[in-house]
Amino acid sequence: MLKKRIIPCLDVRNGRVVKGVNFEGLNDVSDPVELASFYSDDGADELVFYDITASYEGRRLFTDCLRAVAEHIFIPLTVGGGINTIDDFDRVLKCGADKISVNSGALRNPTLIAEAAKKYGSQCVVLSADVKRVEGGFRVFSHGGRQDTGLDAIEWIRQGVALGAGEVVLNSIDTDGVKKGFDLEMLQALDVDVPVVASGGAGGISDFVELFREVPSVDAGLAASIFHFGEVRIPKLKQVLAENGIPVRRI
Amino acid sequence: MLAIVDYGVGNLFSLCSSLKSLNQPAVITSDPKEISMAERVILPGVGAFGDAAEKLRNTGLDTVVREQAESGKPLLGICLGMQLLFEKSYEFGEHAGLGLLRGSIVPMKGTIPEGLKIPQMGWNSLILRRNHPLLRDIKEGDCVYFVHSYYADGCEDSLIASCDYGREITAAVASGNVMGCQFHPEKSGKVGLSILKAFCEVAV
(Lines give C-alpha, C1' and ligand atoms only; values in the text may rest on other atoms or scores of the structure.)
Protein backbone atom coordinates (compact mmCIF):
# COMPACT_ATOMS: atom_id res chain seq x y z
CA MET A 1 0.00 0.00 0.00
CA LEU A 2 1.01 3.59 -0.50
CA LYS A 3 2.67 5.18 2.49
CA LYS A 4 1.30 8.25 4.17
CA ARG A 5 3.66 11.09 3.35
CA ILE A 6 5.28 13.54 5.77
CA ILE A 7 6.16 16.84 4.15
CA PRO A 8 8.15 19.68 5.69
CA CYS A 9 7.43 23.03 4.11
CA LEU A 10 10.21 25.59 3.76
CA ASP A 11 9.46 29.26 3.24
CA VAL A 12 12.08 30.89 1.07
CA ARG A 13 12.90 34.52 0.59
CA ASN A 14 15.79 35.69 -1.57
CA GLY A 15 17.14 32.16 -1.77
CA ARG A 16 17.35 31.64 1.99
CA VAL A 17 15.00 29.75 4.25
CA VAL A 18 13.05 32.21 6.35
CA LYS A 19 13.48 31.91 10.10
CA GLY A 20 15.83 29.03 9.51
CA VAL A 21 15.92 26.09 11.76
CA ASN A 22 17.11 25.93 15.28
CA PHE A 23 17.39 22.84 17.40
CA GLU A 24 19.92 20.56 18.91
CA GLY A 25 22.41 19.43 16.33
CA LEU A 26 21.27 21.93 13.74
CA ASN A 27 21.53 25.54 14.72
CA ASP A 28 20.13 28.42 12.75
CA VAL A 29 20.48 26.85 9.35
CA SER A 30 18.99 28.88 6.56
CA ASP A 31 20.87 27.39 3.63
CA PRO A 32 18.21 25.59 1.56
CA VAL A 33 20.55 22.82 0.41
CA GLU A 34 21.78 22.06 3.89
CA LEU A 35 18.26 22.04 5.29
CA ALA A 36 16.84 19.98 2.46
CA SER A 37 19.62 17.40 2.93
CA PHE A 38 18.90 17.27 6.61
CA TYR A 39 15.20 16.60 6.09
CA SER A 40 15.84 14.13 3.31
CA ASP A 41 18.26 12.18 5.53
CA ASP A 42 15.76 12.35 8.37
CA GLY A 43 13.09 10.66 6.24
CA ALA A 44 10.98 13.46 4.78
CA ASP A 45 8.98 11.99 1.90
CA GLU A 46 8.79 15.18 -0.08
CA LEU A 47 9.74 18.83 0.37
CA VAL A 48 7.73 21.92 -0.39
CA PHE A 49 9.52 25.15 -1.19
CA TYR A 50 7.32 28.13 -0.92
CA ASP A 51 8.33 31.59 -2.06
CA ILE A 52 6.57 33.70 0.50
CA THR A 53 7.24 36.98 -1.23
CA ALA A 54 6.26 36.06 -4.74
CA SER A 55 2.52 35.85 -4.61
CA TYR A 56 1.91 39.45 -3.66
CA GLU A 57 5.09 41.25 -4.57
CA GLY A 58 5.37 39.60 -7.91
CA ARG A 59 8.91 38.52 -7.27
CA ARG A 60 10.35 35.70 -9.26
CA LEU A 61 11.20 32.58 -7.36
CA PHE A 62 14.83 32.20 -6.72
CA THR A 63 15.38 29.39 -9.11
CA ASP A 64 19.07 29.21 -8.26
CA CYS A 65 18.14 27.99 -4.82
CA LEU A 66 15.78 25.39 -6.21
CA ARG A 67 18.33 24.20 -8.72
CA ALA A 68 20.96 23.80 -6.01
CA VAL A 69 18.55 21.74 -3.91
CA ALA A 70 17.44 19.59 -6.84
CA GLU A 71 21.06 18.84 -7.70
CA HIS A 72 21.59 17.28 -4.29
CA ILE A 73 18.26 15.97 -3.03
CA PHE A 74 16.57 13.05 -4.71
CA ILE A 75 13.06 13.05 -3.32
CA PRO A 76 10.06 14.82 -4.87
CA LEU A 77 10.17 18.60 -4.69
CA THR A 78 7.11 20.80 -4.86
CA VAL A 79 7.34 24.50 -5.52
CA GLY A 80 4.77 27.14 -4.78
CA GLY A 81 4.50 30.88 -4.59
CA GLY A 82 4.00 33.30 -7.43
CA ILE A 83 3.00 30.76 -10.05
CA ASN A 84 0.78 32.70 -12.43
CA THR A 85 1.62 31.57 -15.94
CA ILE A 86 2.80 28.59 -17.96
CA ASP A 87 6.17 30.35 -18.17
CA ASP A 88 6.36 30.18 -14.37
CA PHE A 89 5.77 26.43 -14.57
CA ASP A 90 8.45 26.10 -17.20
CA ARG A 91 10.95 28.12 -15.19
CA VAL A 92 10.71 26.00 -12.02
CA LEU A 93 10.37 22.64 -13.77
CA LYS A 94 13.64 23.32 -15.58
CA CYS A 95 15.26 23.78 -12.19
CA GLY A 96 14.25 20.38 -10.92
CA ALA A 97 10.79 20.84 -9.42
CA ASP A 98 8.51 17.82 -9.76
CA LYS A 99 5.24 19.42 -8.81
CA ILE A 100 4.04 22.98 -8.89
CA SER A 101 1.39 24.31 -6.60
CA VAL A 102 -0.93 27.06 -7.73
CA ASN A 103 -3.05 29.18 -5.44
CA SER A 104 -3.81 32.85 -6.16
CA GLY A 105 -2.69 32.43 -9.77
CA ALA A 106 -5.34 29.77 -10.35
CA LEU A 107 -8.00 31.84 -8.61
CA ARG A 108 -7.30 34.71 -10.97
CA ASN A 109 -7.13 32.42 -13.97
CA PRO A 110 -8.53 28.90 -13.49
CA THR A 111 -7.56 27.90 -17.04
CA LEU A 112 -3.95 27.95 -15.82
CA ILE A 113 -4.69 24.58 -14.17
CA ALA A 114 -6.03 23.10 -17.41
CA GLU A 115 -3.18 24.48 -19.53
CA ALA A 116 -0.51 23.24 -17.15
CA ALA A 117 -2.13 19.82 -16.79
CA LYS A 118 -2.30 19.46 -20.56
CA LYS A 119 1.31 20.50 -21.05
CA TYR A 120 3.00 18.77 -18.09
CA GLY A 121 0.45 16.23 -16.89
CA SER A 122 -1.93 16.36 -13.94
CA GLN A 123 0.62 14.74 -11.63
CA CYS A 124 2.60 17.95 -11.88
CA VAL A 125 -0.19 20.36 -10.95
CA VAL A 126 -1.08 20.84 -7.29
CA LEU A 127 -4.00 23.03 -6.28
CA SER A 128 -3.31 24.72 -2.98
CA ALA A 129 -6.20 26.40 -1.22
CA ASP A 130 -6.25 28.58 1.91
CA VAL A 131 -9.61 27.97 3.50
CA LYS A 132 -11.45 29.59 6.40
CA ARG A 133 -14.88 29.18 7.93
CA VAL A 134 -17.19 32.06 7.05
CA GLU A 135 -20.89 32.12 7.93
CA GLY A 136 -21.06 28.39 8.46
CA GLY A 137 -19.36 27.52 5.18
CA PHE A 138 -15.80 26.96 3.99
CA ARG A 139 -14.53 29.92 2.02
CA VAL A 140 -11.41 30.23 -0.18
CA PHE A 141 -9.05 33.08 0.63
CA SER A 142 -6.41 34.52 -1.68
CA HIS A 143 -3.30 36.66 -1.28
CA GLY A 144 -1.70 34.56 1.40
CA GLY A 145 -4.99 34.05 3.21
CA ARG A 146 -5.80 37.73 3.53
CA GLN A 147 -8.59 38.20 1.02
CA ASP A 148 -11.99 36.51 0.99
CA THR A 149 -12.74 35.42 -2.57
CA GLY A 150 -16.35 34.59 -1.75
CA LEU A 151 -15.87 31.16 -3.35
CA ASP A 152 -17.06 28.01 -1.65
CA ALA A 153 -13.91 26.00 -0.94
CA ILE A 154 -15.28 22.53 -1.57
CA GLU A 155 -16.76 23.70 -4.87
CA TRP A 156 -13.56 25.48 -5.94
CA ILE A 157 -11.38 22.48 -5.19
CA ARG A 158 -13.76 20.18 -7.05
CA GLN A 159 -13.57 22.55 -10.02
CA GLY A 160 -9.77 22.63 -9.83
CA VAL A 161 -9.58 18.84 -9.89
CA ALA A 162 -12.00 18.74 -12.84
CA LEU A 163 -9.70 21.19 -14.65
CA GLY A 164 -6.77 18.84 -14.13
CA ALA A 165 -5.16 19.39 -10.73
CA GLY A 166 -3.57 16.09 -9.71
CA GLU A 167 -3.24 16.83 -6.01
CA VAL A 168 -4.80 19.16 -3.46
CA VAL A 169 -3.22 20.93 -0.52
CA LEU A 170 -5.88 22.06 1.91
CA ASN A 171 -4.57 24.66 4.30
CA SER A 172 -6.94 25.58 7.08
CA ILE A 173 -6.51 29.20 8.09
CA ASP A 174 -8.59 28.44 11.19
CA THR A 175 -6.16 25.87 12.58
CA ASP A 176 -2.94 27.26 11.08
CA GLY A 177 -0.50 28.29 13.79
CA VAL A 178 -2.82 27.17 16.60
CA LYS A 179 -0.98 23.86 16.99
CA LYS A 180 -4.01 22.02 18.27
CA GLY A 181 -4.31 19.58 15.42
CA PHE A 182 -5.26 19.49 11.77
CA ASP A 183 -8.70 20.67 10.68
CA LEU A 184 -10.33 17.25 10.55
CA GLU A 185 -13.80 18.62 9.92
CA MET A 186 -12.66 20.63 6.92
CA LEU A 187 -10.63 17.71 5.53
CA GLN A 188 -13.57 15.35 5.94
CA ALA A 189 -15.77 17.73 3.97
CA LEU A 190 -13.45 17.46 0.98
CA ASP A 191 -14.43 14.76 -1.49
CA VAL A 192 -12.02 14.43 -4.40
CA ASP A 193 -10.39 11.45 -6.10
CA VAL A 194 -6.85 12.87 -6.18
CA PRO A 195 -4.31 12.83 -3.32
CA VAL A 196 -5.01 15.27 -0.50
CA VAL A 197 -2.32 16.95 1.59
CA ALA A 198 -3.44 18.30 4.97
CA SER A 199 -1.87 21.52 6.13
CA GLY A 200 -2.29 23.80 9.12
CA GLY A 201 -2.50 22.96 12.78
CA ALA A 202 0.08 20.28 13.50
CA GLY A 203 1.37 20.75 17.03
CA GLY A 204 2.78 17.35 17.82
CA ILE A 205 3.09 13.72 16.85
CA SER A 206 -0.38 12.79 18.07
CA ASP A 207 -1.93 15.27 15.62
CA PHE A 208 -0.54 13.25 12.70
CA VAL A 209 -1.79 9.99 14.20
CA GLU A 210 -5.24 11.51 14.62
CA LEU A 211 -5.15 12.97 11.09
CA PHE A 212 -4.43 9.69 9.33
CA ARG A 213 -6.75 7.72 11.59
CA GLU A 214 -9.74 10.03 11.40
CA VAL A 215 -9.47 11.04 7.76
CA PRO A 216 -8.30 8.00 5.77
CA SER A 217 -8.69 9.91 2.49
CA VAL A 218 -5.79 12.18 3.46
CA ASP A 219 -2.51 11.07 1.88
CA ALA A 220 -0.01 13.41 3.46
CA GLY A 221 0.55 15.79 6.33
CA LEU A 222 2.41 19.03 5.79
CA ALA A 223 3.92 21.19 8.51
CA ALA A 224 6.59 23.82 8.94
CA SER A 225 7.49 25.20 12.34
CA ILE A 226 7.17 21.99 14.38
CA PHE A 227 9.82 20.47 12.14
CA HIS A 228 11.98 23.58 11.92
CA PHE A 229 12.11 24.07 15.66
CA GLY A 230 12.71 20.42 16.39
CA GLU A 231 9.46 19.92 18.28
CA VAL A 232 8.80 16.93 16.07
CA ARG A 233 11.55 14.86 14.51
CA ILE A 234 10.54 12.80 11.51
CA PRO A 235 12.10 9.44 12.56
CA LYS A 236 10.23 9.53 15.85
CA LEU A 237 7.03 10.69 14.14
CA LYS A 238 7.20 7.80 11.70
CA GLN A 239 7.98 5.33 14.44
CA VAL A 240 4.83 6.35 16.32
CA LEU A 241 2.72 6.32 13.14
CA ALA A 242 3.97 2.80 12.35
CA GLU A 243 3.19 1.67 15.90
CA ASN A 244 -0.34 2.92 15.31
CA GLY A 245 -0.69 0.85 12.19
CA ILE A 246 -0.32 3.72 9.75
CA PRO A 247 1.82 2.81 6.72
CA VAL A 248 4.90 5.01 6.50
CA ARG A 249 8.20 4.88 4.69
CA ARG A 250 11.05 4.10 7.07
CA ILE A 251 14.64 4.74 6.05
CA MET B 1 29.86 7.04 -20.68
CA LEU B 2 26.14 6.60 -20.25
CA ALA B 3 23.65 7.92 -22.78
CA ILE B 4 20.24 9.24 -21.77
CA VAL B 5 18.04 9.05 -24.84
CA ASP B 6 16.53 12.45 -25.56
CA TYR B 7 13.41 12.20 -27.69
CA GLY B 8 11.70 15.29 -26.37
CA VAL B 9 9.83 13.65 -23.53
CA GLY B 10 10.12 14.53 -19.90
CA ASN B 11 12.22 16.45 -17.50
CA LEU B 12 15.72 15.04 -17.22
CA PHE B 13 17.09 17.39 -14.58
CA SER B 14 16.81 15.00 -11.63
CA LEU B 15 18.03 11.99 -13.57
CA CYS B 16 21.14 13.90 -14.67
CA SER B 17 21.72 15.25 -11.17
CA SER B 18 21.41 11.84 -9.58
CA LEU B 19 23.91 10.30 -12.03
CA LYS B 20 26.23 13.21 -11.41
CA SER B 21 26.00 12.62 -7.67
CA LEU B 22 27.08 9.03 -8.35
CA ASN B 23 30.05 10.33 -10.38
CA GLN B 24 28.67 8.64 -13.47
CA PRO B 25 29.40 10.64 -16.60
CA ALA B 26 26.23 10.87 -18.65
CA VAL B 27 25.16 12.65 -21.79
CA ILE B 28 21.64 13.57 -22.87
CA THR B 29 21.53 12.88 -26.53
CA SER B 30 19.43 12.13 -29.57
CA ASP B 31 22.48 11.40 -31.71
CA PRO B 32 22.48 7.74 -32.83
CA LYS B 33 26.29 7.73 -32.96
CA GLU B 34 26.61 8.96 -29.41
CA ILE B 35 24.07 6.41 -28.21
CA SER B 36 25.90 3.63 -30.05
CA MET B 37 29.20 4.61 -28.50
CA ALA B 38 27.84 4.74 -24.97
CA GLU B 39 28.53 1.89 -22.61
CA ARG B 40 24.98 1.96 -21.20
CA VAL B 41 21.70 3.52 -22.22
CA ILE B 42 18.82 4.95 -20.22
CA LEU B 43 15.42 5.43 -21.83
CA PRO B 44 13.48 7.96 -19.73
CA GLY B 45 9.95 9.21 -20.25
CA VAL B 46 6.84 10.70 -18.76
CA GLY B 47 3.50 11.40 -20.40
CA ALA B 48 1.34 9.35 -22.68
CA PHE B 49 2.57 6.12 -24.30
CA GLY B 50 1.23 6.86 -27.79
CA ASP B 51 2.91 10.27 -28.04
CA ALA B 52 6.20 8.94 -26.74
CA ALA B 53 6.20 5.89 -29.03
CA GLU B 54 5.48 8.16 -31.98
CA LYS B 55 8.31 10.52 -31.05
CA LEU B 56 10.71 7.60 -30.77
CA ARG B 57 9.67 6.37 -34.22
CA ASN B 58 9.72 9.80 -35.84
CA THR B 59 13.25 10.41 -34.65
CA GLY B 60 14.36 6.93 -35.69
CA LEU B 61 15.53 6.39 -32.14
CA ASP B 62 13.30 3.31 -31.77
CA THR B 63 15.63 1.44 -34.12
CA VAL B 64 18.71 2.80 -32.38
CA VAL B 65 17.47 1.73 -28.93
CA ARG B 66 16.46 -1.69 -30.22
CA GLU B 67 19.91 -2.18 -31.79
CA GLN B 68 21.60 -1.27 -28.52
CA ALA B 69 19.48 -3.76 -26.63
CA GLU B 70 20.13 -6.47 -29.19
CA SER B 71 23.87 -5.81 -29.03
CA GLY B 72 23.79 -6.77 -25.34
CA LYS B 73 24.35 -3.28 -23.96
CA PRO B 74 22.73 -2.57 -20.56
CA LEU B 75 19.51 -0.66 -21.18
CA LEU B 76 17.32 0.81 -18.44
CA GLY B 77 13.84 2.16 -19.10
CA ILE B 78 12.41 4.43 -16.43
CA CYS B 79 8.68 4.98 -15.86
CA LEU B 80 7.16 5.45 -19.33
CA GLY B 81 10.60 4.45 -20.66
CA MET B 82 10.09 1.06 -19.01
CA GLN B 83 6.61 0.73 -20.47
CA LEU B 84 7.99 1.43 -23.96
CA LEU B 85 10.18 -1.69 -23.70
CA PHE B 86 7.07 -3.88 -23.90
CA GLU B 87 5.11 -5.09 -26.90
CA LYS B 88 2.14 -2.77 -26.71
CA SER B 89 0.06 -0.41 -24.60
CA TYR B 90 -3.66 0.13 -24.24
CA GLU B 91 -3.35 3.75 -23.12
CA PHE B 92 -5.80 5.77 -25.27
CA GLY B 93 -6.11 3.14 -27.99
CA GLU B 94 -3.56 0.51 -28.85
CA HIS B 95 0.06 1.43 -29.52
CA ALA B 96 3.08 -0.68 -30.36
CA GLY B 97 6.12 -0.50 -28.10
CA LEU B 98 9.68 -1.60 -28.72
CA GLY B 99 8.84 -5.25 -28.11
CA LEU B 100 12.03 -5.97 -26.18
CA LEU B 101 10.08 -7.50 -23.29
CA ARG B 102 7.04 -9.73 -23.35
CA GLY B 103 3.88 -8.15 -21.97
CA SER B 104 1.60 -5.19 -22.42
CA ILE B 105 0.71 -1.96 -20.65
CA VAL B 106 -2.79 -1.87 -19.19
CA PRO B 107 -4.80 0.70 -17.20
CA MET B 108 -5.17 0.56 -13.42
CA LYS B 109 -8.70 1.81 -13.87
CA GLY B 110 -10.97 -1.20 -13.71
CA THR B 111 -8.23 -3.57 -12.55
CA ILE B 112 -7.58 -2.18 -9.07
CA PRO B 113 -10.26 -1.91 -6.37
CA GLU B 114 -12.58 1.11 -6.41
CA GLY B 115 -11.60 3.83 -4.00
CA LEU B 116 -7.88 3.64 -4.68
CA LYS B 117 -6.72 6.84 -6.26
CA ILE B 118 -5.35 6.87 -9.79
CA PRO B 119 -2.56 7.62 -10.55
CA GLN B 120 -0.69 5.71 -7.93
CA MET B 121 1.35 8.64 -6.68
CA GLY B 122 3.72 8.30 -3.76
CA TRP B 123 6.01 5.89 -1.97
CA ASN B 124 5.28 2.18 -2.03
CA SER B 125 7.33 -0.75 -0.78
CA LEU B 126 8.99 -3.25 -3.07
CA ILE B 127 8.20 -6.95 -3.08
CA LEU B 128 11.23 -8.76 -4.43
CA ARG B 129 10.31 -11.43 -6.93
CA ARG B 130 13.62 -12.49 -8.40
CA ASN B 131 17.29 -11.82 -7.72
CA HIS B 132 18.86 -9.47 -10.18
CA PRO B 133 22.03 -7.33 -10.10
CA LEU B 134 19.88 -4.20 -10.56
CA LEU B 135 18.35 -4.80 -7.12
CA ARG B 136 21.50 -6.12 -5.45
CA ASP B 137 21.33 -3.48 -2.67
CA ILE B 138 17.55 -3.56 -2.22
CA LYS B 139 15.83 -5.19 0.71
CA GLU B 140 12.25 -6.42 0.75
CA GLY B 141 10.07 -3.51 1.85
CA ASP B 142 12.36 -0.71 0.66
CA CYS B 143 10.26 2.18 -0.61
CA VAL B 144 10.42 3.85 -4.01
CA TYR B 145 8.47 6.69 -5.59
CA PHE B 146 5.75 5.94 -8.15
CA VAL B 147 3.67 8.16 -10.41
CA HIS B 148 1.64 6.16 -12.93
CA SER B 149 -1.83 5.20 -14.09
CA TYR B 150 -0.89 2.22 -16.28
CA TYR B 151 1.24 -0.82 -15.52
CA ALA B 152 2.96 -3.74 -17.24
CA ASP B 153 0.93 -6.92 -17.30
CA GLY B 154 1.68 -10.42 -18.55
CA CYS B 155 5.38 -9.98 -17.87
CA GLU B 156 5.99 -12.78 -15.34
CA ASP B 157 9.08 -13.86 -17.26
CA SER B 158 10.83 -10.52 -16.69
CA LEU B 159 9.29 -9.45 -13.35
CA ILE B 160 11.95 -8.87 -10.66
CA ALA B 161 9.99 -6.66 -8.22
CA SER B 162 6.42 -5.58 -7.69
CA CYS B 163 4.36 -3.50 -5.30
CA ASP B 164 0.89 -3.85 -3.83
CA TYR B 165 -1.66 -1.28 -4.91
CA GLY B 166 -4.87 -3.18 -4.45
CA ARG B 167 -3.34 -5.84 -6.67
CA GLU B 168 0.18 -6.79 -7.63
CA ILE B 169 1.67 -4.05 -9.78
CA THR B 170 4.87 -4.45 -11.81
CA ALA B 171 7.63 -2.33 -10.26
CA ALA B 172 10.84 -3.56 -11.91
CA VAL B 173 11.63 -5.89 -14.78
CA ALA B 174 14.74 -7.39 -16.32
CA SER B 175 15.51 -9.81 -19.08
CA GLY B 176 19.20 -10.19 -19.80
CA ASN B 177 20.59 -6.73 -20.47
CA VAL B 178 17.17 -5.07 -20.80
CA MET B 179 15.93 -3.59 -17.51
CA GLY B 180 13.18 -1.27 -16.40
CA CYS B 181 11.69 0.46 -13.36
CA GLN B 182 8.12 1.70 -13.22
CA PHE B 183 9.09 3.95 -10.30
CA HIS B 184 11.45 6.91 -10.43
CA PRO B 185 14.85 5.88 -9.00
CA GLU B 186 16.01 9.50 -9.40
CA LYS B 187 13.25 10.53 -6.94
CA SER B 188 13.47 7.59 -4.56
CA GLY B 189 16.13 8.86 -2.19
CA LYS B 190 19.07 6.62 -1.31
CA VAL B 191 17.22 3.48 -2.35
CA GLY B 192 16.74 4.91 -5.83
CA LEU B 193 20.34 6.04 -6.09
CA SER B 194 21.53 2.55 -5.17
CA ILE B 195 19.47 1.13 -8.05
CA LEU B 196 20.97 3.62 -10.50
CA LYS B 197 24.42 2.81 -9.16
CA ALA B 198 23.77 -0.90 -9.61
CA PHE B 199 22.70 -0.27 -13.21
CA CYS B 200 25.91 1.66 -13.82
CA GLU B 201 27.88 -1.30 -12.54
CA VAL B 202 26.00 -4.15 -14.24
CA ALA B 203 28.62 -6.13 -16.16
CA VAL B 204 28.67 -5.23 -19.83
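**Overall fold, helix packing and chain contacts**

Chain A contains eleven helices and 13 strands. The radius of gyration of chain A is 17 Å, close to the 18 Å that the globule rule gives for 251 residues, so chain A is as compact as a globular protein of that length. The model described here is a predicted one. Along its principal axes, the C-alpha trace of chain A extends over about 45 × 40 × 35 Å. Of the 251 residues in chain A, 52% are buried. Among the contacts in chain A with a separation of 6 or more, 65% are accounted for by residues 24 or more positions apart.

Two helix pairs of chain A are described in turn. Two packed helices are described by the angle between their axes and the distance between the axes. The crossing in which α1(A) passes α3(A) is right-handed. On the α1(A) side, the contact is made by A:Pro32, A:Val33, A:Ala36 and A:Ser37, while α3(A) contributes A:Cys65, A:Ala68, A:Val69 and A:His72. Six nonpolar and two polar residues make up this contact of α1(A) with α3(A), and no charged residues take part in it.

The other pair consists of helix α4 (residues 86-93) of chain A and helix α6 (residues 111-120) of chain A, whose axes come within 10 Å and cross at roughly 40°. The helices α4(A) and α6(A) are therefore oblique to each other. A right-handed crossing is also assigned to α4(A) as it passes α6(A). A:Ile86, A:Phe89 and A:Leu93 of α4(A) meet A:Glu115, A:Ala116, A:Lys119 and A:Tyr120 of α6(A) in this contact. By class, the residues of the contact of α4(A) with α6(A) comprise five nonpolar, no polar and two charged.

Note on methods. Residues are numbered from 1 along each chain as its sequence is written. Chains are lettered from A and ligands numbered from 1 in the order in which they are written. This is a predicted model: local features need pLDDT of at least 70, side-chain atom pairs count only at pLDDT 80 or more; totals for chains, interfaces and linings use all residues. Axes are lines fitted to C-alpha atoms, for helices over the stretch in contact, and angles run from 0 to 180 degrees between N-to-C directions. Helices (H or I, at least four residues) and strands (E, at least two) are DSSP runs, numbered from the N terminus. Angles under 35 degrees count as roughly parallel, over 145 as roughly antiparallel, 65 to 115 as roughly perpendicular and the rest as oblique. A crossing is left-handed if the near helix is turned anticlockwise from the far one by less than a right angle, and right-handed if clockwise. Two residues are in contact if their C-beta atoms, placed from the backbone, lie within 7 Å. Ala, Val, Leu, Ile, Met, Phe, Trp, Tyr, Cys and Pro count as nonpolar, Asp, Glu, Lys and Arg as charged, and the others, Gly among them, as polar. The radius of gyration is taken over C-alpha atoms; the globule rule is 2.2 Å times the number of residues to the power 0.38. A residue is buried if 20 or more other C-beta atoms lie within 10 Å of its own, exposed if 12 or fewer, and partly exposed in between; C-beta atoms are placed from the backbone.
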